[in-house]
Amino acid sequence: RKVATLTVTEAHISGNLASDVLVQGSLGGLQVLDLTPEGQKHQRVVSVGHDPLVEQHQNLYMLVSQGLYDTTKDKNEVKAFSFKFLQPGLQAPGEEEEEGYKLSLEIRMASLCYSHSVHFLAEVAACVSEFKQSVSNMAMSLKLTAAEMAVDLLHRGTEGLAQSIYISGSTSVTEGLSLNAMKEANDEEQPSPPSRVRLSALLESPILVLPKSAKSPQVLVAHLGQIEISNDIKVETEHPSQLSEELSGGTHKEHFEVEVRDMSLYSLNVDEKWKSSFSHFYTGPSAFLRITAQELYSCASPHGRPILHDTLLKFSLHRIVDRPILSDADPFLFPLTDFYPKLEVCDVFQVHGCVVSPLQVSLSKDQYQQIIQSLDNLNWNKVDASSNFEAGPDPSTKNRAPARVKQRELILNLKFQLPRFSMQLLDNSNRAIVSLSFEDFLVAYEQNCTF
């Protein structure tokens, strides 16, 4: 039986290999539908970009009510995914050193909606297992066929085969000598340092839908927020005071800034929203497929009940290599440096996070019960013997002495700040009966490890 359908629309990619290397591409839409009987309530599993089913079933009344007279303009502007890679041509040495980046990558992604279904994932996993088994059987049959052909060639005569092996062996010797010479010449050349890539990624708010059960209209809708990621070198030079003492010294290799806007969590009843907003436009068993997943799971008032209100997060990631460290050990106490290697430099990886806006949570009794049941619906214990199999040790390496590896220290520094956290417990009429608030919440974690 059919388990799912995957629809990909308007995939484009183009390249310009002139003085500036430019490669860009886009994807119009990606849709995954659940065709199992258990998944008819929340049939859209993955939805991003253009949806052919929605564009096919849109009627005139719906377009007039939404004011979408000119739909071709919006269709051309909305893309599920797009990227642009640029490698500029040769520049003056001064300009290249000042800019710091030789490559640039821009990524844009529309709002992706994912509806979790345990049964659907189990069905897909079963299909993948059957496909792997079929591929394994086909490979075994090809192997047996190749063995039979090899036996037939041996029976036909070995004289011509030996002569061909001799000729190919002599040519392979000369080719091997030339390849070794080329390899030695390449080893003498100094490797060029890797080029830095300027990254700019913008992801519209991903939507995660957690149903209470496979056939329940009650869902939790999590808007993960608009995510913006960049590693612009100007951030490092304009704000040097933000770098902590752990980052002083060494070589600053990477610096990423991550900003998440309007992250929220709602509880929603899709049947009630459908009756009040879309039932007078569409009817039928597949009526839910005539509107986009973003419209169906939209939590605009008065349909959605907020649990986590709009929140703004910021993260800063730094990576430093070869930062000098001071050793407190007395060299006279440990004269055998071969057994007690001395760490002279270390690497630092720092992640600092902060909630910019006050974190507000409001929760009622039925919302709390819905969260517990939705989390229980996430559990999926799949037993796969092949994934639990672990290969035993290699007998050839059993008695081999372990290789001496140069030790290096890594400092992992994590810090998260929450200026204000407020929580309200609501009654059945959505009135606050308990209110809690915390201020200046700080979590810091640091670990040193050697690798």
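User: Is Thr-311 buried or exposed?

Analyst: Buried means under 20% relative accessible area, exposed over 50%, and partly exposed in between, with a 1.4 Å probe and protein chains only. Thr-311 has 2% relative accessibility, so Thr-311 counts as buried. Bear in mind that this is a predicted model, where local features need pLDDT of at least 70, side-chain atom pairs count only at pLDDT 80 or more, and totals for chains, interfaces and linings use all residues. Residues are numbered from 1 along each chain as its sequence is written, and side-chain values use heavy atoms, with hydrogens and water left out.

User: Which residues does Thr-311 touch?

Analyst: Contact means heavy atoms within 4.5 Å. Leaving out residues up to four places away in sequence, Thr-311 touches Val-260, Arg-261, Asp-262, Met-263, Val-355, Ser-357 and Leu-359. Its side chain also reaches the backbone oxygen of His-309 at 2.7 Å.

User: Which residues have the most contacts inside the largest nonpolar core?

Analyst: Happy to show you! In soluble globular proteins, nonpolar side chains tend to be buried together. A nonpolar core is a set of buried Ala, Val, Leu, Ile, Met, Phe, Trp, Tyr and Cys residues joined through side-chain atoms within 4.5 Å. Here the largest one has 17 residues, and Val-219, Val-221, Trp-274 and Tyr-297 have the most contacts inside it. Apart from it lies another core of 15 residues, including Leu-220 and Phe-421.

User: How many disulfides does the structure hold?

Analyst: A disulfide is a pair of cysteine sulfur atoms within 2.5 Å. The structure holds zero. For Cys-113, the nearest cysteine sulfur belongs to Cys-299, 10.0 Å away.

Notes:
Polar contact = N/O pair within 3.5 Å; in protein donor to acceptor, adjacent residues only side chain to side chain.
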